[in-house]
Every structure is written in structure tokens, then in C-alpha cells.
Amino acid sequence: MQKPILILGACGQIGTELTMALRAKHGAENIVASDIREGNEALMASGPFELLDATNYEAIEDVVMHYEIDEVYLMAAMLSATAEKFPMRAWNLNMNSLFNVLNLAKDRKINKIFWPSSIAVFGPNTPKENTPQNTIMEPSTVYGISKQSGERWCEYYFNKFGVDVRSVRYPGLISWKTMPGGGTTDYAVEIYHEALGKGKYTCFLNENTKLPMMYMDDAIRATISLMESDPEKLSVRSAYNLGSMSFTPKEITQSIQKHIPNFKVDYVADFRQQIADSWPSSIDDITAKNDWHWQPMFDLENTTAEMLSNLEKSL
């Protein structure tokens, strides 16, 4: 019998699709969505929802006790570009929410945690190509610093208290269902909307800025697959590298132009260029492939086809 799962930050870019995927898999009544604000109509209508601040330990504990929650997916976070504008707010949200769920698990009030890390943990001194699982990090952004700190705390709680916490370092994520929430890779979602809506786009990164990316379906599949994996097989309790595809704004533009030949893009780099320049251009995820058989299904061409066809239907 499926034990109840709580998703904190269920109304964000990843949380929305993760909630729906878990409800389809385990039954809507077993997946409690929560966020500091209400989500879209489909999410709100699909199962139980609680208004919840992820930084409020007592409020989370109340929901955990009420629903007899077994697992928590902590998806609440302030992302890279927004975090640079509000450093202390980002640190408080990203770190305090993590401590809340780690401490619930330490006290055996929940049994398993998923917490997302990011390629933002890497910095300008990290090897850019095929960035290995274990390497120099030295993040240069508020978001990256909070994620690197979070990784260390996850591993500490696993080693010290036996907390079953699992994590992946998400690359940039591409989805047609939800808009992104203030990240440096947001251009790779915006560009599809603008291609269909206006036929032109002004990109905030330079045309040859290559970054690791992933279609959302792969990210959701990876998340659920890791959580269902045998704990004895998991060699990483900080966060697994997760790879799929890498491309530049120029390459995604060319991919779209195969479907919309007159699509035009200008490049006007802003403060996010400096963030992007500090990140890897490709990821080595052999450890995830070996430990829990991770394998991506989407490349740039079928991502573009999926994005454009689904967005056209929703216009």
C-alpha cells in the first residue's frame, strides 16, 4: 500500500509536473501538494493541497503528522537569477527549508527525502567539458553556494544520522507546461514561446554559450527513478550528476528554424551571462548510469518537436 508523499514547492516549474506524475503513479489521494501560494487549476483540482511555507518547521510537521507522510520532495527554492537580487532571502529559503526536512527525518517523523541540487554547484574553476561527479566546485552565485552547502548537509545527515536523502544536480530544464522561475537557463523555454508568438526573440545569453539542458519528462523520470532505487546501490548521498544534452542559444535557434524558417533571434547579454560562464558546458553522469541505470530519452531535436507541437495546441 502506497504511503503518503508530501511535495513542498509543488507549484513551481518542476514541482507542478512532479506532483501530477506522482499522482498518476500512486493515486491522487496519496500525494499531498503544498506551496506558499496556490498553483494552476489542474494541479489544484487533482488532489489534496496545503498552503505551506517551507521555512516554517512547525507548519510542515503538522502536515506530516496529519497525513502520516512517509516521503518528502523538497522542491521549494529561489533560483539563480532571482537569488542574485535577493541573496539573504535566497539563502534563508534554500537552507532553512532543507534543515526542516532533514531534521524531520533525523527524528524519524519521515523516512525518505528528495532534495534537488543543480549544476550551479560548479564554478569557474570546474572542468567545463564532461564535468565529473567529484571535482572542484567553488560556486560563484548565491544559488550555487546554497546548493553546494545543501549537498554537504545531506551527506552529513546521511552519515551521522542515517537519513535517507537523495539528490540530483539538475541541468537547465525545458518544459511547455510551466514557465520557469528565475533561472539562468530560462531562455531555453522562453525562446519556444516567442518563436510561436512573435517569430523573434531577444536572448539574454551570447549565441555560443553552451550549457547542459534536459527536457522536463526526463527530469521527472530521473527523480522518481532515483527515489525508487535500492538504497544499497546508491554510492552518492550529496547529489548525482545528471546529464542529457548540451547546446548553445545558436543551436536551439537553428533547431527551431527547421520548423519556423523565418524565426529571428538577437543576442543582448545581461547579468546572467556571467553566471552561465561559470557553469559547465557538459556533464559526465556515469555514476548515475552505473548506480541506478539513468538514461535520458530526449535530445535537442525531439525536445524542439515536443515543445513546438504542444505549445501550438495550447495557444
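**Reading helices, strands and contacts**

Author: Helix H9 passes helix H12 in a right-handed crossing. This is a predicted model, in which local features need pLDDT of at least 70, side-chain atom pairs count only at pLDDT 80 or more, and totals for chains, interfaces and linings use all residues. Residues are numbered from 1 along each chain as its sequence is written, and side-chain values use heavy atoms, leaving out hydrogens and water.

Reader: At what angle do helix H9 and helix H12 pack?

Author: Helices (H or I, at least four residues) and strands (E, at least two) are DSSP runs numbered from the N terminus. A crossing is right-handed if the near helix is turned clockwise from the far one by less than a right angle, and left-handed if anticlockwise. Axes are lines fitted to C-alpha atoms, for helices over the stretch in contact, with angles from 0 to 180 degrees between N-to-C directions. Here H9 (residues 249–257) and H12 (residues 300–314) pack at about 55°, with their axes 10 Å apart. The two helices are therefore oblique to each other (under 35 degrees is roughly parallel, over 145 roughly antiparallel, 65 to 115 roughly perpendicular, the rest oblique).

Reader: Is Leu300 buried or exposed?

Author: Buried means under 20% relative accessible area, exposed over 50%, and partly exposed in between (1.4 Å probe, protein chains only). Leu300, placed in helix H12, has a relative accessible area of 13% and is buried. Its C-alpha atom is separated by 6.9 Å from that of Met245, 55 residues apart along the chain.

Reader: In what order do the three strands of the open sheet stand?

Author: Two strands pair if DSSP finds at least two bridges between them. The order is E6-E8-E12, with parallel pairing. Strands E6 (117–118) and E12 (240–241) each have a single partner strand, so one side of each is left without a neighbour in the sheet. Strand E8 (residues 168–170) pairs with E12 over two bridges, and Val168 stands opposite Tyr240 in E12.

Reader: Which side chain does that of Arg169 contact?

Author: A polar contact is a pair of N or O atoms within 3.5 Å; within protein, one must be able to donate a hydrogen and the other to accept it, and residues adjacent in sequence count only if both atoms are side-chain atoms. Arg169, in strand E8, is joined to Glu151 by such a contact of 2.8 Å between side chains. Arg169 is buried, at 2% relative accessible area.

Reader: How many disulfides does a search of the whole structure find?

Author: A disulfide is a covalent bond between the sulfur atoms of two cysteines. The criterion is a pair of cysteine sulfur atoms within 2.5 Å, and the search finds zero. Cys154 counts as buried at 0% relative accessibility, and Cys203 counts as buried at 0%.
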